[in-house]
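Hi,

Here is the structure I promised to pass on.

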Amino acid sequence: MTNAEAYDRGFAHLSSHTVGPLLAIARDSLAPRLLDVGCGTGVVTAAALALGAEVTAVDADPVMLELTARRHPYATIRPAVLPDLPFENEVFDAIAGNFVINHVPDTGKALKELRRVLRPGGTIALTWWKADEMTATNVFAEAIAAARIPYEPPSRPFTANDTPRRFIALLEEAGFTRAAVDTVRWRHHVDLATWWTDVVQAGGPRFGMIGRQPPETVELIRAHYTRLAAPYAREGFPVCAYLAHAVR
């Protein structure tokens, strides 16, 4: 289970850079009923509420949901795991998913389920990381490798669908129209020591293993992280994400 507070300080801050572009799709379509799918600690929910949307937020992690519910009492909070959503057909005007589609086991099935709960003419916007430009987290994987620690990262079934051309094809196969993918780049400015602490303490599936190592191993990995991250201390980590959007 993820440490929601650490996740919020670290990964949620990183992913908040795409919230504005993500919600611009819904804002431009004047969508009052918005589904925040994979809400995490609620960065999209907070921004959507500020825009006046009626927000329903879902996530698989009960700790994340508890934090989001506590912070945003005016949102409707529900547990849910794609591709199974606990809603009737065509109940939302817009769907926003910030870095959740890359975690589902079956992308095509998830997209069809999202289309099911979206009204005709409704909009969907989804983001995912461009893995080879994800410097902010790649330094952790590189540090583990440099420390020669046996490590089997979790499988990434989304890799087969993570190019813009392939994802657009999946959106169209699911029945969406006007599908397109934009590229979003930015620099993640963060104190390197704080970033280490928040990522390790978050306890996620990729780097939670660091905190479970013996203290001397943790320090060895940290030493390599400090060396690898040092070139980005001044200008920040270069990061890239894709933003897909379409209409039902």
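Let me start with Ile25, which counts as partly exposed because its relative accessibility is 22% (buried means under 20% relative accessible area, exposed over 50%, partly exposed in between, with a 1.4 Å probe and protein chains only). Before going further: this is a predicted model, where local features need pLDDT of at least 70 and side-chain atom pairs count only at pLDDT 80 or more, while totals for chains, interfaces and linings use all residues. Residues are numbered from 1 along each chain as its sequence is written, and side-chain values use heavy atoms, with hydrogens and water left out.

Ile25 sits in helix H3 (residues 19-28); helices (H or I, at least four residues) and strands (E, at least two) are DSSP runs, numbered from the N terminus. Leaving aside neighbours within four places in sequence, Ile25 is in contact (heavy atoms within 4.5 Å) with Thr123, Ile124, Ala125 and His245. Its C-alpha atom is 8.9 Å from that of Ala96, 71 residues apart along the chain.

That brings us to His245, in strand S7. With a relative accessible area of 17%, His245 is buried. Its side chain makes a polar contact with the side chain of Asp182 at 3.0 Å. A polar contact here is a pair of N or O atoms within 3.5 Å; within protein, one must be able to donate a hydrogen and the other to accept it, and residues adjacent in sequence count only if both atoms are side-chain atoms. Beyond four places in sequence, the contacts of His245 include Ile25, Ile124, Arg178 and Asp182.

Now the aromatics. Rings of Phe, Tyr and Trp (its six-membered ring) pair if their centres lie within 6.5 Å; planes under 30 degrees apart count as stacked, over 60 as edge-to-face and the rest as tilted. By this rule there are 14 aromatic pairs. One of them, Trp128 with Tyr242, is tilted, at 5.5 Å centre to centre and 50 degrees between the planes. Trp128 belongs to strand S5 (residues 118-134) and Tyr242 to strand S7 (residues 237-247), so the pair ties together parts that are 114 residues apart in sequence. Trp128 is buried at 0% relative accessibility, and Tyr242 is buried at 10%. Together with Phe158 and Phe167, these two form one aromatic cluster.

After H8 comes Gly175, with a positive phi near 105 degrees.

As for nonpolar cores (sets of buried Ala, Val, Leu, Ile, Met, Phe, Trp, Tyr and Cys residues joined through side-chain atoms within 4.5 Å), the largest has 45 residues, and Leu34, Phe140, Trp195, Ile210, Tyr225 and Phe237 touch the most other members. Helix H9 (residues 192-202) gives the most to this core, with 6 residues. A second, separate core of 31 residues includes Leu82, Val117, Tyr242 and Ala244.

Finally, cysteines: a search of the whole structure finds 0 disulfides (pairs of cysteine sulfur atoms within 2.5 Å). Cys39 is buried at 5% relative accessibility, and Cys240 is buried at 0% relative accessible area.

Cheers
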